[in-house]
Amino acid sequence: MSKSISEKATSSEEDEKDPRPADSNPKTTPPLTKNWRGQLRVESVIIETPNVKTIRLVPASGERYLPFTYVPGQFLNVAFWIGGGRMNRSYSISSSPHEREYLDLTVRREPRGAVSRHIVDLLRKDDLIEAGGPVGMFTFTGEEADSIVLISGGVGITPMMSISRYLTEQSWPGDIYFIYACRTPEDYIFSKEIAELEKRNPKLHVAIAMSRAEEGEWKGHRGRITKEWLAETVPDLTSRRIHICGPIPMMDGTKALLDELDVPSEQVKTEAFGTPKPSPAAAGTTAKPSTEASGPLVTFSKNNKSAKSHPGQTVLEIAEDLGVEIQFSCRVGTCGICKVKMTAGEVDQEVQDALDDDDKADGIILACQAKPTTEVTVEA
Ligand SMILES: Cc1cc2nc3c(=O)[nH]c(=O)nc-3n(C[C@H](O)[C@H](O)[C@H](O)COP(=O)(O)OP(=O)(O)OC[C@H]3O[C@@H](n4cnc5c(N)ncnc54)[C@H](O)[C@@H]3O)c2cc1C
Ligand code: FES
């Protein structure tokens, strides 16, 4: 069985220590920490829209400053016990890393979602949550390019908010094009603060597209993001770095528009929040593939179980078929919760965003991405 967040929870020796001198200014010193695990306390719950809330988290230890630092655009992995089962999910940090005393997670309530409903409906001040991180490479600090286009939809605004807050706080000299798509003015998350940031930061250019706003209800663009609107809104679009985050159809649509506008794909960075298909547990189905399992044999050494793989099946899916527990969250290769050690064999992994060089050198794979190409043994 892979380690859960709590099992991995921190011995202080394992944590990367912050090497900054004790008197360094926590508001301005650059971010340094990774691989933190522990508990955070809910300091307050802020209502953003009818179905979105921000959970402000502070150290559970009572210490003044957060026990880790992060880069704008990163996320935390959180775990909850719900209905007797442990559930892992990832949430982008919406606050700016210059705030060292707290961090914000902004969560949209999914009508049938297990964890988002728990967070939005039930979490209260002083509740403790188990968290790990910071994680993620969908980041921007101002050093990577001299301007940035942030395109988001729905709750995909969260990493863009962290980046915009941070760059404004740093008086970053580059242009920030903040493009956001939502349905109606009621669904516009952080609307007041974005208006304030716009006043403070002359380099922040905000453009909002509302797909279902009534005439008279919204003065800006009504309808979806279009090629023409994008080209009008962002001068010299093809020369700029672009980040996209939102629901998968919105991201796919936007990537296609950028392609038509001849934006080089290497300038476009994306982060998907949704899983392409609900996990079996979420969907309440135990349906098995109908094809014969004729692929390479996969052995889970700790559980002493083996099975041949179906074509295209991942190590995580084979483990689920066999009742071998491997923790997971995103199932798209970004969160890193499904990391397991492969002691023999070879796999193809389409996305490896959550693996760093040390992981790769240690034979760590992402079970949600790994498709066996030879007989494989994993420590699970
Ligand atoms: C890197 C990353 C960052 C993220 N950042 C954020 C963030 O900042 N804010 C945020 O709100 N989310 C974020 N997410 C998404 C978040 O991790 C969760 O996926 C989301 O909150 C839904 O989790 P859930 O447990 O509520 O839904 P789940 O129970 O996992 O369900 C997933 C989806 O399936 C639907 N569903 C569930 N059961 C059924 C069923 N029986 N039939 C049909 N449909 C069903 C649900 O409505 C939901 O839409 C992020 C994800 C990633 C990977
Ligand atoms: S479940 Fe997130 S990387 Fe595999």
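1. For the counts in this point, Ala, Val, Leu, Ile, Met, Phe, Trp, Tyr, Cys and Pro are taken as nonpolar, Asp, Glu, Lys and Arg as charged, and the others, Gly among them, as polar. On that basis the shell around ligand 1 holds 11 nonpolar, 6 polar and 5 charged residues. The model is a predicted one.

2. Which residues come nearest to ligand 1? Of the 22 residues around the ligand, they are R89, S90, Y91, V115 and S116.

3. Backbone atoms make polar contacts with ligand 1. A polar backbone atom of S90 is 2.6 Å from an oxygen atom of the ligand, and a polar backbone atom of V115 is 2.8 Å from an oxygen atom of ligand 1. At S92, a backbone N or O atom lies 3.1 Å from a nitrogen atom of ligand 1. The ligand taken alone exposes 970 Å², and the protein buries 82% of that.

4. Where do the shell residues come from? At least two are supplied by each of β4 (85-92), β5 (103-108), α2 (114-122), β12 (268-272) and α7 (280-283). With 4 residues, β4 gives the most to the shell around ligand 1. In terms of domains, the shell draws at least three residues from each of domain 1 (5-135) and domain 2 (147-272).

5. After α3 comes S171, with a positive phi near 50°.

6. The cut-off for buried is a relative accessible area under 20%. The buried residues of α3 are I157, T158, P159, M160, M161, S162, I163, S164, R165, Y166, L167 and T168.

7. G253 is a residue of helix α6 (residues 248-260). Its relative accessible area is 33%, so G253 counts as partly exposed, a class that lies between the limits of 20% for buried and 50% for exposed. R224 is 29 residues from G253 along the chain, and the C-alpha atoms of R224 and G253 are separated by 9.9 Å.

Definitions and conventions. Residues are numbered from 1 along each chain as its sequence is written. Chains are lettered from A and ligands numbered from 1 in the order in which they are written. This is a predicted model: local features need pLDDT of at least 70, side-chain atom pairs count only at pLDDT 80 or more; totals for chains, interfaces and linings use all residues. Side-chain values use heavy atoms; hydrogens and water are left out. Buried means under 20% relative accessible area, exposed over 50%, partly exposed in between (1.4 Å probe, protein chains only). A residue is near a molecule or strand if one of its heavy atoms lies within 4 Å of it. A polar contact is a pair of N or O atoms within 3.5 Å; within protein, one must be able to donate a hydrogen and the other to accept it, and residues adjacent in sequence count only if both atoms are side-chain atoms. Accessible areas come from the Shrake-Rupley method with a 1.4 Å probe; for residues, only the protein chains shown count as cover. Domain bounds come from an automatic or database domain assignment.
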